[in-house]
Amino acid sequence: MRRTGTTRRGALTATGALALGAVLTGCGGDDEGAGGKKPAHSGARATTAKADKALREKAVRDGALLLARYDLVAEAHPATAAGLVPLRAAVAEHGKALAPPRAKGEPKGDKAPPAPAGPVSADPKAAVRELAAAERRRADAHTEALLTAGPELARLLASVAAAAAAHAYLLTELAEETAV
């Protein structure tokens with residue numbers, strides 16, 4: 001009997017298409033089409049570059065913790081590693097995209113990522129479910145940050161939040177397919 005419903009391959013393909021569409025939408029043109037005038041944002045709270053930088057730094061720190069978590073799960077449960085590789089790579093790319101721009105003359109020295117909290121579950125299904133929960137928390141955090149982010153950062157955060165939600169779905173499916 002043929003399996004119906006969403007397969008992992010189909011879900012990964014759909015996620016890739018959604019992420020690409022979100023990135024391309026976020027990379028849209030400037031405001032020159034409006035006669036060179038910037039649109040009025042009535043009622044919107046203006047954010048400073050300092051606030052956006054703080055949001056970016058927090059997002060990068062949270063992403064580094066998640067990357068470390070992916071590494072711990074893959075190391076503890078090698079059977080899950082193949083399914084985690086593309087998702088981990090996407091999280092790493094999100095970190096690069098969210099990194100605050102460096103000022104001229106600012107040293108390139110990167111801070112060491114924070115140590116991940118807690119051990120990984122001994123059950124591979126539970127470990128992957130924990131990753132899915134972490135991705136859901138990341139999606140929620142980025143969605144909440146949209147309220148205070150500037151327009152450009154908000155578009156980027158929305159794209160990353162959508163990708164994190166898709167990762168949570170895919171990780172939930174991977175957990176179901178993982179043999180104990």
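Is Glu130 buried, partly exposed or exposed, by relative accessible area? Glu130 is partly exposed, with a relative accessible area of 33%. For the cut-offs, buried means under 20% relative accessible area, exposed means over 50%, and partly exposed is in between, with a 1.4 Å probe and protein chains only.

Some conditions before I go on. This is a predicted model, where local features need pLDDT of at least 70 and side-chain atom pairs count only at pLDDT 80 or more, while totals for chains, interfaces and linings use all residues. Residues are numbered from 1 along each chain as its sequence is written, and side-chain values use heavy atoms, with hydrogens and water left out.

Now the salt bridges. By salt bridge I mean a side-chain nitrogen of Lys or Arg within 4 Å of a carboxyl oxygen of Asp or Glu. The whole structure has 7 of them.

One of them joins Glu130 to Arg69, at 3.3 Å from N to O. It links distant parts of the chain, since Glu130 sits in helix α4 (residues 124-145) and Arg69 in helix α2 (residues 49-76), 61 residues apart. Helices here are DSSP runs of H or I, at least four residues, numbered from the N terminus. Arg69 is buried, at 16% relative accessible area.

Another pairs Glu176 with Arg129, with the closest N and O atoms 3.7 Å apart. This pair also links distant parts of the chain: Glu176 is in helix α5 (residues 151-177) and Arg129 in helix α4, 47 residues apart. Glu176 is partly exposed at 48%, and Arg129 is partly exposed at 39%.

The salt bridge between Glu152 and Arg155 has an N to O distance of 2.3 Å. Both lie in helix α5, and because they are 3 residues apart, about one helical turn separates them. Glu152 counts as exposed at 52%, whereas Arg155 is partly exposed at 36%.

Last, the packing of α2 and α5. Their angle is about 20° and their axes are 12 Å apart, the axes being lines fitted to C-alpha atoms over the stretch in contact, with angles from 0 to 180 degrees between N-to-C directions. That makes α2 roughly parallel to α5, a label for angles under 35 degrees. Contact, meaning heavy atoms within 4.5 Å, involves residues including Asp52 and Tyr70 of α2 and Leu153 and His167 of α5.

Methods:
Helix = DSSP H or I, 4+ residues; strand = E, 2+ residues; numbered from the N terminus. Parallel < 35°, antiparallel > 145°, perpendicular 65-115°, else oblique.
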